Every structure is written in structure tokens, then in C-alpha cells.
Amino acid sequence: MNTAENAYQMYIDLIDSTIISYNGPFDAQVLSVIAENIEYSLSNNPRVSKKLFKIFIELAQNISYYSAERQKNDEGNLYGVGILMLREFKDHYSFSTGNLIEKKHILPVIQKCETINILDRQKLRQYKRKLRNMPSGVPGGGNIGLVQVALTADYPLEYSVVPVDDENSFYILNVRVNKN
Amino acid sequence: MENLEIEGSHKNFFIPTVSFNAKTGICEISGESFLEDTVEFYKQIVEWLERYIDEVKGPIAFIVKLSYFNTSTSRSLLDILNLLKDYEDEGGEVVVNWHFDENDVDMEEDIDDYIIDTGLDINKIPY
């Protein structure tokens with residue numbers, strides 16, 4: 001295949017697999033519309049639908065609170081901006097999110113992801129309980145959203161951080177959920 | 001003392017239905033919990049319970065029928081359960097009944113984690 005055909009195939013694959021894609025501020029209205037879409041698109045599989053819904057809420061709230069790029073919604077409130085995609089593959093669904101993150105927050109976020117990925121389920125539950133007993137609101141600190149995401153997905157977190165400029169990087173997170 | 005009644009809704013945010021009875025001590029929370037300001041919402045519940053413990057000093061049956069709650073809510077639920085455990089330790093009569101969908105393995109784990117965390121005897125009631 002030449003480059004044009006490759007690009008076309010990529011386009012077709014993306015269109016075919018994508019259930020939801022969004023780019024913009026994560027305010028209450030957006031959360032509500034996407035949450036409804038998830039429930040509707042997966043109404044034939046309530047167990048997985050619930051898992052995806054739970055994961056979505058935590059991922060979206062993380063973007064809303066912690067994205068370094070912020071934008072006013074119609075009501076004038078500031079919300080974090082990011083991208084989110086939900087795609088369907090043969091045996092799993094995949095959530096991908098991306099948002100800008102300040103350089104100083106990269107290390108705590110990576111450490112959090114690494115910690116989550118080396119723990120087995122029992123240890124992860126212990127970690128969640130430990131964090132829940134700590135004060136919240138510190139990036140990479142007491143926030144248990146990501147731990148809950150890993151517990152719900154039952155898969156390691158896939159993440160990467162791409163440098164953007166002197167102040168910010170782009171933080172990408174991918175979460176898989178098996179269909180069965 | 002007044003009862004605490006909050007009508008639940010499932011719109012932009014999910015507000016749980018709250019029905020706390022000051023005469024019987026039966027305090028039920030049901031529905032789903034995903035709120036714009038979780039701390040503010042649960043503050044009124046904790047304050048009601050503190051007043052009940054202080055003034056009425058009666059038994060409390062805390063009935064949980066939440067089919068979904070986010071992680072912010074899970075912190076507030078821990079605050080409530082810790083308050084009930086303190087009351088029990090001081091001689092108060094406390095029963096906690098937690099109803100959950102028997103297919104919801106994650107929810108059952110959540111309840112188990114609350115039992116470990118608080119030391120309360122929580123009755124798990126599958127439906």
C-alpha cells in the first residue's frame with residue numbers, strides 16, 4: 001500500500017472502531033452527555049457498560065480537575081480541557097484520554113501509574129484504602145480515581161508523556177476493558 | 001428533631017435519595033451518587049447524624065442501596081461509617097445494612113473494604 005492508501009485504511013479503522021470521541025472542556029454538561037452515550041451504546045452488555053461508565057467518570061474528572069489547559073464553559077466556569085476516545089476492538093473496549101500536564105506534575109503522575117501497575121488486586125485495594133484515608137486534592141497524592149480505574153478495568157494502565165514546550169507535556173492514558 | 005429528606009435525581013449529576021428518620025433512627029440512602037460538590041452534599045448528612053447522636057441518642061439503622069457512587073463519594077461514605085463506628089464504641093446502637101446487586105463484584109469488594117477500614121459489622125444483602 002502507498003502512503004495515501006495507508007492513511008485511508010487508518011481513517012477507516014478509526015471510524016469503524018470509534019464509539020465516542022471528544023475534544024474540549026470537561027464540564028458537567030459534557031460529562032452528562034458522554035455518560036448517557038456510554039449507557040446507550042452498550043445497553044446490550046450492562047456489566048461492561050457499568051465498568052466503562054465508572055472508568056469514564058474518574059478519567060473525565062481527572063481531566064476536569066488536573067488538566068493544565070483550562071477553558072471557560074458557557075456559564076463562565078473554568079474546566080480542564082482534554083481529549084477522550086472510546087473504541088471497540090474484537091475482544092475489548094479501550095478508553096484513551098489526553099491532556100496537558102505541567103512539568104512539575106509529571107513525576108508524581110508517573111509514579112502513581114507505576115505503583116498501580118506493579119500491585120496485584122489485593123495490594124491495589126490496600127493502596128486505595130490507604131489513599132482514601134489521606135487528604136484529597138493533591139495531584140498524584142490522595143486522589144484515588146486512577147486506582148479505581150485500574151481496579152475496575154482489571155488491566156494495567158498504559159500511559160505515555162510527550163514533551164510539548166518548556167512548561168507543559170501531553171499526558172496520554174489508555175485503559176482496556178475486556179468484553180467478557 | 002426534623003427528618004432529613006432529599007429527593008434524588010439522575011440528570012447532569014446523580015443525586016442520591018436520602019431519607020433519615022429522627023423518630024425511628026432508620027436512615028436510608030439509595031440511588032446513585034455523583035455530585036458537583038460531594039463534600040457540601042454529604043456535610044448536611046454528617047451534621048444531621050451528629051445532631052441525632054447528640055440530642056436523640058437513639059438507635060441508628062443505616063441502610064445503603066446505592067447502585068453507583070464515584071470515588072469522591074466513597075470518601076464521604078467512609079466519613080459517615082467512621083462516625084457510626086465512634087457512636088457504637090460509645091455505646092450507641094448501630095446497624096448497617098448494605099444492599100447490592102449480586103452480580104456487582106466490584107461493589108461487594110467495596111463493602112468488604114469498608115468493613116476492614118471501619119471495623120463496623122456491615123450486613124451485606126445481595127439482591
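## Close-up views of a predicted two-chain model

**View 1. A hairpin joins β3(A) to β4(A) through 3 residues.** The model is predicted. Strand β3 covers residues 78-88 of chain A, and strand β4 covers residues 92-102. The two strands pair in the antiparallel sense, over 6 bridges. One bridge to look for sets A:Leu84 against A:Thr97 of β4(A). Strand β4(A) also pairs with β6(A), residues 168-178. Here 11 bridges hold the antiparallel pair. Among the residues in this pairing, A:His92 has A:Asn178 of β6(A) as its bridge partner.

**View 2. Chain A as a whole has 6 helices and 6 strands.** In sequence order, the elements of chain A read α-β-α-α-β-β-β-α-α-α-β-β. The radius of gyration is 17 Å, close to the 16 Å that the globule rule gives for 180 residues, so chain A is as compact as a globular protein of that length. The C-alpha trace spans about 50 × 40 × 35 Å along its principal axes. Of the 180 residues in chain A, 29% count as buried. Take the contacts in chain A with a separation of 6 or more: 58% of them come from residues 24 or more positions apart.

**View 3. Helix α5 of chain A runs over residues 121-132.** At 1.5 Å a residue, its 12 residues should span 16 Å. The C-alpha atoms at its ends are 16 Å apart, which agrees. Which residues of α5(A) are buried? They are A:Lys128, A:Leu131 and A:Arg132. Seen down the axis of α5(A), these buried residues fall within an arc of 100°, so they line one face of the helix. The face turned away from that buried side carries the exposed residues A:Gln122 and A:Lys123. What do the buried residues of α5(A) pack against? Their partners are α6 (145-153) of chain A together with α2 (71-89) of chain B.

**View 4. The contact between the chains takes 14 residues from chain A and 15 residues from chain B.** On the side of chain A that touches chain B, α2 (28-41), α3 (46-66), α5 and α6 each supply at least two residues. The residues on this side of chain A divide into 3 nonpolar, 6 polar and 5 charged.

View 5. Strand β1 of chain B (residues 4-6) runs antiparallel to β4(B), joined by 3 bridges. In that pairing, B:Ile6 has B:Val18 as its bridge partner. Strand β5 of chain B (residues 26-33) is also antiparallel to β4(B), with 4 bridges between them. There, B:Phe20 is bridged to B:Cys27 of β5(B). The hairpin of β4(B) and β5(B) has 5 residues between the strands. In this hairpin, B:Gly25 takes a positive phi near 80°.

**View 6. B:Trp98 sits in strand β7 of chain B, residues 94-100.** Is B:Trp98 buried or exposed? B:Trp98 is buried, because 22 other C-beta atoms lie within 10 Å, and 20 or more are enough to count as buried. Leaving out residues up to four places away in sequence, B:Trp98 touches B:Val64, B:Ile111, B:Ile122, B:Asn123, B:Lys124 and B:Ile125. B:Ile29 is 69 residues from B:Trp98 in sequence. In space, their C-alpha atoms are 9.9 Å apart.

**View 7. B:Lys57 has a positive phi of about 55°, although it is not a glycine.** Where does B:Lys57 lie? B:Lys57 is in the loop between α1 (38-56) and β6 (60-69) of chain B. B:Lys57 has 13 C-beta neighbours inside 10 Å, so it counts as partly exposed.

How values were computed
Residues numbered from 1 in each chain as written. Chains lettered and ligands numbered in written order. Predicted model: local features only at pLDDT ≥ 70, side-chain atom pairs only at ≥ 80, totals over all residues. Expected span 1.5 Å × (residues − 1). Buried ≥ 20, exposed ≤ 12 C-beta atoms within 10 Å, placed from the backbone. Arc of directions from axis to C-beta. Contact = placed C-beta atoms within 7 Å. Pairing = 2+ DSSP bridges. Rg over C-alpha atoms; globule rule 2.2 N^0.38 Å. Nonpolar A, V, L, I, M, F, W, Y, C, P; charged D, E, K, R; others polar.
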